[in-house]
Amino acid sequence: MAASKPRTVAFLGPAASYSHQVTKSAFPETDWELKATTTIRDVFEEVQAGQATYGVVPFENSTHGTVTFTLDCLADRSDTYTDIAVCSEIYLDVHHFLLGKISSSHSSTQNQEDENTTGSGSGSGPGSSTNKPLLSLSHIERVYSHPQAFGQSGVFLRKYLKGVELIDVSSTSKAAELAASDETGTSAAIAGEIAASLKGLDILARSIEDRDDNTTRFFVIYKDDGSPRPELPTSSSFSSSSAVEPKEENDDGNPYGNKYKSLVSFTVEHKTPGALADVLDCFKTLGLNLTSINSLPSLIQPFQYLFFVEFEGGKMDDPEGRLARLEESVQKVAAVRWRWLGSWVNMRRR
């Protein structure tokens with residue numbers, strides 16, 4: 001009997017991107033085909049079209065905030081990804097490296113002397129970690145990276161690469177590709193350490209992120225079309241035992257509230273005073289603790305917004321029916337274009 005074809009999980013490529021690293025850790029390649037895409041939107045398209053069972057996309061970073069490209073796809077203002085929902089989250093500690101080619105004028109002796117040289121730099125607050133270059137950067141004329149990586153490494157860039165051209169690209173691994181292809185050796189990339197060996201680049205600086213607690217949260221998305229959802233792998237990335245166990249009873253008296261999280265989106269009548277406050281009060285009344293609020297232009301009218309609310313609680317554990325009552329309560333007040341975007345196990349509980 002022929003072996004069954006592995007199921008596919010799509011991620012933002014190329015190989016060696018942070019999305020690739022977190023996907024490999026969660027989806028064993030013995031059971032899953034890992035499919036690299038060029039953009040985050042491509043991941044959504046693969047899943048919506050049924051070409052991939054799951055997709056892995058970066059959602060937010062602890063230093064630089066929400067990944068706008070992912071939020072834009074979740075907003076789905078053109079009704080392109082109507083079946084997409086979130087079913088899990090994965091956290092990755094992110095350490096950025098400046099990769100490039102050693103200047104021909106830089107001696108091997110200096111390279112050896114500088115190899116382990118680091119400094120406290122001028123990080124921004126507790127947990128800061130801005131290291132000195134290992135080698136001279138005087139030959140670097142441009143740096144490629146993803147906008148999030150630039151935002152997470154601002155202190156290093158301002159201190160050691162001031163005036164150098166910063167060029168946004170689709171992923172950190174793409175940035176490494178571009179730096180490696182520059183025969184002049186004057187290009188560098190901010191990427192993960194693994195990209196150095198894969199692309200044949202030298203490490204010019206280590207751990208250049210502004211904070212040493214720099215963490216990115218990824219969403220796992222799937223097509224919620226009413227069919228049974230395939231089981232996620234039994235890797236530690238998805239195991240509830242990997243999360244910090246909740247207290248027997250939360251401060252609000254709810255013994256199960258922070259075990260799960262959910263995400264919804266909606267717009268409100270912008271001319272109605274207190275419309276957003278009325279919607280948020282529905283969450284408070286039902287005892288649902290909010291963990292984040294984001295917004296994007298709704299594209300209905302200029303300067304009107306689509307809101308995203310993430311909160312503690314999930315449809316898979318709702319004995320009091322609070323989530324079932326939430327949508328009804330919200331729609332009675334001011335919300336329009338309401339959409340449920342998924343529930344999942346909370347992997348980082350308070």
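Predicted model: local features only at pLDDT ≥ 70, side-chain atom pairs only at ≥ 80, totals over all residues.
Local features were considered at pLDDT of at least 70 and side-chain atom pairs only at pLDDT 80 or more, while totals for chains, interfaces and linings use all residues. Residues are numbered from 1 along each chain as its sequence is written, and side-chain values use heavy atoms, with hydrogens and water left out.

Most residues other than glycine have a negative phi, and most peptide bonds are trans. Gly13 and Pro14 are joined by a cis peptide bond with omega of about 0°. Pro14 is found in the loop between β1 (7-12) and α1 (18-26); helices (H or I, at least four residues) and strands (E, at least two) are DSSP runs numbered from the N terminus. Ser207, which is not a glycine, has a positive phi of about 45°. Ser207 lies in the loop between β10 (202-205) and β11 (215-223). Leu299, also not a glycine, has a positive phi of about 65°, and its place is in the loop between β13 (290-297) and β14 (305-312). Ser207 counts as buried because its relative accessibility is 18%, whereas Leu299 is exposed at 63% (buried means under 20% relative accessible area, exposed over 50%, partly exposed in between, with a 1.4 Å probe and protein chains only).

The structure holds two cavities of 30 Å³ or more. A cavity is a set of points, on a 1 Å grid over the protein atoms alone, where a 1.4 Å probe fits but cannot get out; lining residues have an atom within 4 Å of a point. Grid points are joined across faces, edges and corners, and a volume is the space filled by probe spheres set on the points. The largest cavity holds about 200 Å³ of space. It is lined by 17 residues, of which Tyr18, Pro58, His146, Gln148 and Thr172 are the closest to its centre. At least two lining residues each come from α1, β3 (54-61), α5 (147-152) and β11, and the largest share, three residues, comes from α5. Seven residues of this lining are nonpolar, ten polar and none charged. Ala, Val, Leu, Ile, Met, Phe, Trp, Tyr, Cys and Pro count as nonpolar, Asp, Glu, Lys and Arg as charged, and the others, Gly among them, as polar.

Helix α2 (residues 40-48) packs with helix α3 (residues 68-75) at an angle of about 35°, the axes being 9 Å apart. Axes are lines fitted to C-alpha atoms, for helices over the stretch in contact, and angles run from 0 to 180 degrees between N-to-C directions. In contact (heavy atoms within 4.5 Å) are Ile40, Arg41 and Phe44 of α2 with Phe69, Thr70, Asp72, Cys73 and Leu74 of α3. By class, this contact has five nonpolar, one polar and two charged residues.

Notes. 1 Å grid on protein atoms, 1.4 Å probe; cavity = no way out; pocket = protein on both sides within 12 Å on 5 of 7 lines; lining within 4 Å.
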